[in-house]
Amino acid sequence: MIPKGFIATTADFSTLTNTQGTDIFSDGGFAGPYNGTSTIKELGNYGPNGEQLFMITLTGATPTWGNNFGGQVKLTLGANAKGVVSYNVYGTPPCF
């Protein structure tokens, strides 16, 4: 789910390389890159506040401690973004 006020496309998603993962998770918690394949699908604006939803599918390997999947997304501020939306651990329902 992309926070309200931002937009992204499937082309804005990328997987982390081992170097990027190590830079982000400097405590050694990243052991990627994932050796399976990943695909992403845009599901539309169905979040509780109209947020964009995406589904990431992993195939070919099960992520494990030594075969992590890490991804990143480039967010763009929406042209009509205004106001404030706040999120907490209980504010967003799980997506299944």
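## Close-up views of a predicted model

**View 1. The lining of the largest pocket divides into five nonpolar, four polar and two charged residues.** In this count Ala, Val, Leu, Ile, Met, Phe, Trp, Tyr, Cys and Pro are nonpolar, Asp, Glu, Lys and Arg are charged, and the others, Gly among them, are polar. The model is predicted, so that local features need pLDDT of at least 70 and side-chain atom pairs count only at pLDDT 80 or more, whereas totals for chains, interfaces and linings use all residues. Residues are numbered from 1 along each chain as its sequence is written, and side-chain values use heavy atoms, with hydrogens and water left out. The lining of the largest pocket is made up of Lys4 and Gly5 together with Leu77, Gly78, Ala79, Asn80, Ala81, Lys82, Gly83, Val84 and Val85. A pocket is here an open set of points on a 1 Å grid over the protein atoms alone, where a 1.4 Å probe fits and protein lies on both sides within 12 Å along at least five of seven lines; lining residues have an atom within 4 Å of a point. The space in this largest pocket comes to about 200 Å³, a volume being the space filled by probe spheres set on the points, which are joined across faces, edges and corners.

**View 2. Val85 and Gly5 are both part of the lining of the largest pocket.** Along the sequence these two residues stand 80 residues apart, while in space Val85 and Gly5 are 8.5 Å apart, C-alpha to C-alpha. Val85 belongs to the segment after β6, where strands (E, at least two residues) and helices (H or I, at least four residues) are DSSP runs numbered from the N terminus. With a relative accessible area of 32%, Val85 is partly exposed, a class that lies between buried (under 20%) and exposed (over 50%), computed with a 1.4 Å probe and protein chains only.

**View 3. The second largest pocket has a volume of about 170 Å³.** Its lining residues are Thr10, Phe13, Ser14, Thr15, Ser38, Thr39, Ile40, Ile56, Phe69, Gly71, Gln72 and Val73. Three strands, β2 (13-15), β3 (37-45) and β5 (71-73), each contribute at least two residues to this lining, which divides into five nonpolar, seven polar and no charged residues.

**View 4. Lys74 and Asp12 form a salt bridge.** A salt bridge is a side-chain nitrogen of Lys or Arg within 4 Å of a carboxyl oxygen of Asp or Glu, and by this rule the count comes to one. The pair links distant parts of the chain, with Lys74 in the loop between β5 and β6 (76-77) and Asp12 in the loop between β1 (6-7) and β2. Lys74 counts as exposed because its relative accessibility is 52%, whereas Asp12 counts as buried because its relative accessibility is 16%.

**View 5. Phe6, Val73, Leu75 and Leu77 make a nonpolar surface patch of about 330 Å².** Patches are made of residues with over 30% relative accessible area and no salt bridge, with nonpolar side chains (Val, Leu, Ile, Met, Phe, Trp, Tyr) joined within 5 Å and like charges within 9 Å. Accessible areas come from the Shrake-Rupley method with a 1.4 Å probe, and for residues only the protein chains shown count as cover. Val73, a residue of strand β5, is partly exposed at a relative accessible area of 32%, and Val73 also lines the second largest pocket.

**View 6. Leu53 lies in strand β4 (residues 52-59), and Asn49 in the loop between β3 and β4.** Leu53 is buried, since its relative accessible area is 11%, and its C-alpha atom is separated by 6.4 Å from that of Ile2, 51 residues apart along the chain. Asn49, by contrast, counts as partly exposed at 36% relative accessibility, and the C-alpha atoms of Asn49 and Lys4, 45 residues apart along the chain, are separated by 6.8 Å.

**View 7. The chain as a whole has one helix and six strands.** Read along the sequence, these elements follow the pattern β-β-α-β-β-β-β, and 19% of the 96 residues of the chain count as buried.
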